[in-house]
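Hi everyone, thanks for coming. I'd like to walk you through one model today, starting with its ligand and ending with a few backbone details.

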Amino acid sequence: MGSAIALQDCRALDAADPLRSLRDLFTLPDGLIYLDGNSLGPLPRAAPERIARAVQQEWGEGLIRSWNSAGWFDLPQRLGDRIASLVGAGPGQVVATDSTSVNLYKVLSAALSIAAADGPGRDVVLSERSNFPTDLYIAEALCRERGFRLQLLEPHEIAGALGADSAVLMLTHVNYRSGAMHDMRALTAAAHAAAALAVWDLAHSAGAVEVDLTGADADFAVGCGYKYLNGGPGAPAFAWVHPRHADRFWQPLAGWWGHAAPFAFTPDYRPAAGVGRYLCGTQPILSMIALECGLAVFTAAQALGGMPALRRKSLALTDLFIALVEQRCAGHGLVLATPRDHAQRGSQVCLSRERGACAIVQALIARGVIGDFRAGAPDILRFGFTPLYLGFEQVWHAVEQLRQVLSDRSWERCEFNRPQAVT
Ligand SMILES: *Cc1c(COP(=O)(O)O)cnc(C)c1O
């Protein structure tokens with residue numbers, strides 16, 4: 001721990017922050033410190049007007065003509081290309097579509113088809129026990145359907161568990177609970193050394209950390225549109241398929257949007273070339289347009305240094321938060337649950353506490369500091385740090401509120417101890 005950090009120091013960091021102008025591209029309530037952009041990103045300032053135009057002009061006046069004239073039809077590919085530039089993928093390799101869960105079903109199914117084509121005996125899907133549950137549920141369902149077995153491991157067991165029976169290694173790059181980040185390149189290489197495929201979920205990485213799918217030589221990836229990409233509640237997610245696999249198998253949800261010629265209306269299915277076949281049916285255009293507004297912020301960030309600059313600031317924010325918690329909240333039973341090593345840290349910081357984590361988070365929310373709570377053993381207070389709109393002074397104030405809630409024990413009040421439907 002270094003010398004005591006003062007509020008002035010945080011203000012100086014803000015003054016020197018090359019990305020500080022990006023905050024103006026969002027609408028956030030005054031005085032609110034939003035540390036939950038890893039769960040639902042905030043509203044891009046341009047979105048309400050853009051969506052209103054899509055509703056009133058493109059839908060209201062253009063009607064069905066807007067599929068062509070307003071460019072609705074190829075939005076999945078256009079947005080996919082923008083996402084590709086954030087995750088180290090090439091143009092034409094990503095589609096924005098459906099939900100993360102549905103896209104995982106599609107790509108994992110294709111990966112299992114490739115593994116099955118290698119012959120019998122390759123029947124294990126490996127994943128991490130603390131992976132996000134929907135990923136595990138989808139894998140479990142597919143394994144049951146396709147005669148594979150799902151093997152759940154602790155992170156340190158993964159490399160050693162890969163072997164002759166391994167079909168697919170399916171991991172989430174940054175863990176939703178702990179914020180720990182895997183070494184995508186090393187684990188993909190380990191999977192390939194065992195002749196298995198690597199499927200990555202980028203839900204907590206895309207737009208948050210630098211990702212290089214091509215450099216890591218990954219096989220498939222999916223990710224989320226409403227977290228760090230700020231696409232709005234229920235925003236379309238995305239899917240990436242390495243070009244070496246894109247034309248090899250059908251994905252199982254072979255709908256007409258993935259057909260080579262949907263408007264030929266032929267009775268038989270002929271998959272589109274490339275990642276286009278990973279589309280299924282008609283897209284939620286208004287949500288696509290909201291996601292486009294979220295992605296436009298990254299285009300603006302590109303001029304200020306892009307993902308490398310965002311990553312530098314993200315690490316500076318999480319370093320500052322950790323240091324301030326350790327200096328100002330010592331003795332209150334908080335334990336850092338996120339790796340200190342930058343190479344192993346995503347864009348969030350988790351603190352565990354034996355008791356009261358949920359109530360502490362609720363007390364913080366009542367004071368205008370929004371983080372979230374994840375149940376488990378131990379319970380976790382989770383704080384996401386999005387460098388697009390957070391400043392260093394806000395980190396100071398967030399920790400100050402945390403210090404106050406802990407030292408005056410206000411979190412013990414019963415209003416903060418009621419269960420909530422969504423945490
Ligand atoms: C947020 C998240 C999801 C969300 O899936 P949906 O289908 O959008 O509900 C899936 N996987 C991981 C790892 C996530 O973090």
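Here is what I'll go through: the ligand site, then the backbone.

A quick note first: this is a predicted model, where local features need pLDDT of at least 70, side-chain atom pairs count only at pLDDT 80 or more, and totals for chains, interfaces and linings use all residues. Residues are numbered from 1 along each chain as its sequence is written, and side-chain values use heavy atoms, with hydrogens and water left out.

So, who surrounds the ligand? The shell, meaning residues with a heavy atom within 4 Å of the ligand, includes Ser99, Phe132, Thr172, His204 and Lys227. Helix H5 (100-117) and helix H6 (133-146) each supply at least two of the shell residues; helices here are DSSP runs of H or I, at least four residues, and strands are runs of E, at least two, numbered from the N terminus.

Now the polar contacts (N or O pairs within 3.5 Å). A polar side-chain atom of Asp135 lies 2.7 Å from a ligand nitrogen, and the side chain of Asp201 has an N or O atom 3.1 Å from a nitrogen of the ligand. On the oxygen side, Tyr226 places a side-chain N or O atom 2.8 Å from a ligand oxygen.

On to the backbone. The peptide bond from Ala377 to Pro378 is cis, with omega near 0°. You'll find Pro378 in the loop between strand S14 (372-374) and strand S15 (379-384).

Finally, Asn230 has a positive phi of about 60° although it is not a glycine. Asn230 sits in the loop between strand S9 (220-223) and strand S10 (237-241).

How values were computed
Polar contact = N/O pair within 3.5 Å; in protein donor to acceptor, adjacent residues only side chain to side chain.
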